[in-house]
Amino acid sequence: MTARVDRDICCYCGGCTSVCPTMALKLDETYIKISDEKCKSCGTCVTVCPVSAIEVVL
Amino acid sequence: MKYDSEWDVIVVGAGPGGSKAAWEFAKRGNKTLLVDRKQQIGPPKRCGEGISIWVIEEVAGLKATPDIVKQEIDGGILIAPNGKEAVVHIPEGGTGAIIERSQFEKKLAAEAIRAGAKVMLKCDVFDVIKNDGYVEGIRARHEGKNIDLKCKILVGSDGVDSTIGRLAGLKTTMPPSECDSGYQYEMANLPLKDQRKIELYFGNDIAPRGYVWIFPKGDDVANVGIGINGSMEHNAKYYLDKWIDSNHERFKNASILEINAGVIPVTQGVRQMVDNGIMLLGDAARMVNPIHGGGMATALEAAIMAGEVGSAAIKGGDVSFERLKEYQDMWWKKRGNQYKKVLKVRHFFEKINDEQLNIIRDVVEDTSLYLDLAEGKNLSQVAKMLLKASPKGAKFAMSFIKN
């Protein structure tokens, strides 16, 4: 399982990257880069996203 | 453009704190590089843009000109869950300001440049360079190449991400309960209660563990935003849209100029914000007032402290943790301990319900007490006031005093 961002909804605020405990997420101006290896599917990013653009999927 | 690879100071993140830090270090003769991952300094803002004239002039060191200050503010209207208002006036001599933050940041960076700093944009830092327990620089992606840039002191002012701090091994990760999730529309053609007053709306259905704000930004333009605790059932956008819809009459002719979103640290500043060769400031060090979520003033203040201590450390040839700790102690003494008190106030307000909030609005006659609360002052006086009110007020006033 890993995090996935819906680019149509994402506002690129980087909030998700700032709370990820394993630094699996990285904001690259208009793109959230996700490292599947580092992602522990803890769901912290899902909780804080102001627009619910990110989810944990299989 | 060609850049040197060795510097006295590299500042990562050209927000208000970073740009001010670069200016402070450069003006003291340090070879300073200010970097940012974006391709422009300023937009997009992750901010309500509220500050004060005093901070702009006396802390940031800029002139409060109309291109920065969009609206002067002389007070606030706090609206309780039941709709009743409490008007707070900013004391004599203090004027709030809603600013065009991107202009503010650019002007700070321009001053840093005039003081001798260089700026590198589209510089995406992906690692820090460490040697013998000392942070000695950054590894970044710039114009398609990986580059190494060395420095004596690395300043991490990269905002809420705090990537620099975390890469360097400092504990800056926050759980969702210690941050606010924020969403905002900048809107035009919005009727305002008072052009010179900010409006703050409270209520569990409106903004759970937070508030909705309307910050007038000149004419009929305003930042309309919400900050809620980061671990709520619905997202920030949901609550803001719901509140705007429920105020349809007021918003029917207004529409949006910008959408902003972001996460705001609302915890206390990190305990350890320095290490060998590295200093953190601003949101990166979680330096934010936990009640209202404002961080610009604190970041600017910390930038001055960092410039002072860091420059002396470089001159003395010692940038160890022990040497740089003076900055950390300075910040904790001046601001950190105060914010600890404010955090207690925040935790208290997170526990009370709408009915109790309504009672507070009714019993507090001297509204300057709200200003004190936001600064963590006069807490026992607030508790006494609550005791004077109904038995319901007394019950939770006692728990307030106990804390």
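B:Glu72 stands opposite B:Ala97 in S7(B). Strand S7 (residues 96-99) of chain B and S4(B) run antiparallel and are joined by 4 bridges; strands are DSSP runs (E, at least two residues) and helices are DSSP runs (H or I, at least four residues), both numbered from the N terminus. Two strands pair if DSSP finds at least two bridges between them.

The model is predicted: local features need pLDDT of at least 70 and side-chain atom pairs count only at pLDDT 80 or more, while totals for chains, interfaces and linings use all residues. Residues are numbered from 1 along each chain as its sequence is written, chains are lettered from A and ligands numbered from 1 in the order in which they are written, and side-chain values use heavy atoms, with hydrogens and water left out.

**The sheet in chain B**

The order S3-S7-S4 describes an open sheet of 3 strands in chain B, with antiparallel pairing. Strand S3 (50-52) and strand S4 (69-73) of chain B stand at the edges with a single partner strand each, so one side of each is left without a neighbour in the sheet. On average, neighbouring strands of this sheet are turned by 35° against each other, direction ignored; the axes are lines fitted to C-alpha atoms, and angles run from 0 to 180 degrees between N-to-C directions.

**The interface of chain A and chain B**

Chain A brings 21 residues to the contact and chain B 28 residues, where contact means heavy atoms within 4.5 Å. Together the chains bury about 1,800 Å², 56% of it on carbon and sulfur atoms; buried area is the accessible area (1.4 Å probe) that two parts lose on being put together, summed over both. A:Ser18, A:Met23 and A:Pro50 supply 29% of the area that chain A buries against chain B, more than any other three residues.

The rule finds 9 residue pairs in polar contact across this interface, both residues at pLDDT 80 or more. A polar contact is a pair of N or O atoms within 3.5 Å; within protein, one must be able to donate a hydrogen and the other to accept it, and residues adjacent in sequence count only if both atoms are side-chain atoms. H1(A) gives the most to the side of chain A that touches chain B, with 4 residues.

**Salt bridges**

A salt bridge is a side-chain nitrogen of Lys or Arg within 4 Å of a carboxyl oxygen of Asp or Glu. The whole structure has 37 salt bridges over all chains, and the count between chain A and chain B is 1.

| Side chains | N to O |
|---|---|
| A:Lys26 and B:Asp124 | 2.7 Å |
| B:Lys27 and B:Glu24 | 3.1 Å |

B:Lys27 and B:Glu24 are separated by about one helical turn, because they are 3 residues apart in helix H1 (residues 16-27) of chain B.
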